[in-house]
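The stops below go from the whole chain to single residues and pairs.

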Amino acid sequence: MKPVIRSNAMARRQRGITLFGLLFWAVIVGAVAVVLMKLFPAINEYRTIQSVVNAVAKSGASSVPEVRTAFDQRSSVEYGIESITSRDLEITKDNDQIVIRFAYDKEIELIDPVFLVIKFKGHSR
């Protein structure tokens, strides 16, 4: 029996990524990065609204006009609250505590004419 001799080229398998594979993944990663960069301001605004609502609920305001005034004052100081005003707040009492609820929709233009609509809602804790 004769030993099988393999050529050096056959013994080594090439590994790596092709140019088309690299371009495919670059497009996918780039598209996800663009969407995340467009989403970040909307999510940041929601978190700011949530923190302002929590602060107003804990501030000790006892009537609806006081809560609305306190929200307007705090939102004028905080940067980036543009989606809602104090008129958009639903203010109720639950077990002698003020509960503030809010809900709004945010449209984010991805590529004209494609928009992403996000529905935000929250309440004081």
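## Whole chain

Color by secondary structure and read along the sequence: the protein chain follows the pattern α-α-α-β-β-β, which comes to 3 helices and 3 strands. Helices (H or I, at least four residues) and strands (E, at least two) are DSSP runs, numbered from the N terminus. This is a predicted model, in which local features need pLDDT of at least 70 and side-chain atom pairs count only at pLDDT 80 or more, while totals for chains, interfaces and linings use all residues. Residues are numbered from 1 along each chain as its sequence is written, and side-chain values use heavy atoms, with hydrogens and water left out.

Zoom out to see the overall dimensions. Along the principal axes, the C-alpha atoms fill a box of roughly 100 × 35 × 20 Å. The radius of gyration of the protein chain is 27 Å, whereas a compact globule of 125 residues would have one near 14 Å; the radius is taken over C-alpha atoms, and the globule rule is 2.2 Å times the number of residues to the power 0.38. Of the 125 residues, 26% count as buried. Buried means under 20% relative accessible area, exposed over 50%, and partly exposed in between (1.4 Å probe, protein chains only).

## Stop 1: the nonpolar patch

Select Ile-17, Leu-19, Phe-20, Leu-22, Leu-23, Phe-24, Trp-25, Ile-28, Val-32 and Leu-36, which make a nonpolar surface patch of about 1,100 Å². Patches are made of residues with over 30% relative accessible area and no salt bridge; like charges are joined within 9 Å, and nonpolar side chains (Val, Leu, Ile, Met, Phe, Trp, Tyr) within 5 Å. Accessible areas come from the Shrake-Rupley method with a 1.4 Å probe, and for residues only the protein chains shown count as cover. Leu-19 belongs to helix α2 (residues 19-58) and counts as exposed because its relative accessibility is 58%.

## Stop 2

Is Glu-45 buried or exposed? Glu-45 is buried, at 5% relative accessibility. The side chain of Glu-45 reaches the backbone nitrogen of Ser-83 at 2.8 Å, a polar contact being a pair of N or O atoms within 3.5 Å; within protein, one must be able to donate a hydrogen and the other to accept it, and residues adjacent in sequence count only if both atoms are side-chain atoms.

A salt bridge is a side-chain nitrogen of Lys or Arg within 4 Å of a carboxyl oxygen of Asp or Glu. Lys-106 is partly exposed, at 22% relative accessibility.

## Stop 3: Asp-105 and Lys-119

The structure holds 2 salt bridges. Select Asp-105 and Lys-119, which form one with the closest N and O atoms 3.5 Å apart. Asp-105 lies in strand β2 and Lys-119 in strand β3 (residues 114-123), so the pair ties together parts that are 14 residues apart in sequence. Asp-105 is partly exposed at 48% relative accessibility, and Lys-119 is exposed at 64%.

## Stop 4: Ile-100

Finish in strand β2 (residues 97-111) by selecting Ile-100. Ile-100 is buried, at 0% relative accessibility. Beyond four places in sequence, its contacts (heavy atoms within 4.5 Å) include Val-53, Val-56, Val-67, Leu-89 and His-123.
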